[in-house]
Amino acid sequence: PETIEDRLKAEAVLRGIRKKQQEVVGFLEANKIDFKELDIAGDEDNRKWMRENVPGEKKPQNGIPLPPQIFNEEQYCGDFDSFFSAKEENIIYSFLGLAPPPGSKVTKSPEEETSLPNGDVAGELEGTSATEGAEKAEEGGENEAQKGGDEDSGSPPETQEKN
């Protein structure tokens, strides 16, 4: 049987998950980055998709990743800690697999930068579409959010492209 202590620990975990989800969603909304949240608490297909698509090396020891998990179409971007680090390092668009907004100053990490013969810098964001999105997977009553274009809407989670 569940003890009061167990129940309090579970509630604290859920509060932490919700806070992280709100931070990701708030950032995406504030920066006008399209996304779509997918509920993994009430939708077994979404939950299964998230668990299957978080890379093995990114899963915790118990094998079940906690939300939020962020995707751009089918591409896994990372968890909340990765998102937070990318935001702090001003490489969030690279993290999300998106082109930075026109006119923005975006810092690239040294491994992303490649000097060209003319002195210009080429980064991994070249050729990416600003309409691509990111997805946040959330569990325990939370949602899985996906940023993406209209091409995603209406398709089942297992066939949706997630970035």
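Author: Start with Asp43, which sits in the loop between β1 (36–39) and α2 (44–53). This is a predicted model, in which local features need pLDDT of at least 70, side-chain atom pairs count only at pLDDT 80 or more, and totals for chains, interfaces and linings use all residues. Residues are numbered from 1 along each chain as its sequence is written, and side-chain values use heavy atoms, with hydrogens and water left out.

Reader: Why does Asp43 count as partly exposed?

Author: Its relative accessibility is 28%. Buried means under 20% relative accessible area and exposed over 50%, with partly exposed in between (1.4 Å probe, protein chains only). The value for Asp43 therefore falls in the partly exposed class.

Reader: What does the side chain of Asp43 reach?

Author: The side chain of Asp43 reaches the backbone nitrogen of Asp45 at 2.9 Å. The backbone nitrogen of Asn46 also lies 3.0 Å from a polar atom of that side chain. A polar contact is a pair of N or O atoms within 3.5 Å; within protein, one must be able to donate a hydrogen and the other to accept it, and residues adjacent in sequence count only if both atoms are side-chain atoms.

Reader: How many helices and strands are there in the protein chain?

Author: The protein chain has four helices and seven strands, in the order α-β-α-β-β-α-α-β-β-β-β from the N terminus. Helices (H or I, at least four residues) and strands (E, at least two) are DSSP runs, numbered from the N terminus. Of the 163 residues in the chain, 37% are buried.

Reader: What makes α1 oblique to α3?

Author: The axes of α1 (residues 4–30) and α3 (residues 80–88) come within 11 Å and cross at roughly 40°. That angle makes α1 oblique to α3: angles under 35 degrees count as roughly parallel, over 145 as roughly antiparallel, 65 to 115 as roughly perpendicular and the rest as oblique. The axes are lines fitted to C-alpha atoms, for helices over the stretch in contact, and angles run from 0 to 180 degrees between N-to-C directions.

Reader: Which residues make the contact of α1 with α3?

Author: From α1 they are Lys20, Glu23, Val24 and Phe27, and from α3 they are Phe80, Phe83, Phe84 and Lys87. Contact means heavy atoms within 4.5 Å. These residues divide into five nonpolar, no polar and three charged. Ala, Val, Leu, Ile, Met, Phe, Trp, Tyr, Cys and Pro count as nonpolar, Asp, Glu, Lys and Arg as charged, and the others, Gly among them, as polar.

Reader: Is Lys32 buried or exposed?

Author: Lys32 is exposed because its relative accessible area is 74%. Asn90, at 35%, counts as partly exposed.

Reader: Which residues does a cis peptide bond join?

Author: Pro67 and Pro68 are joined by a cis peptide bond, with omega about 0°. Pro68 lies in the loop between α2 and β2 (69–72).

Reader: Where is Glu74?

Author: Glu74 is in the loop between β2 and β3 (75–79). With a relative accessible area of 34%, Glu74 is partly exposed. Its C-alpha atom is separated by 8.0 Å from that of Asn53, 21 residues apart along the chain.
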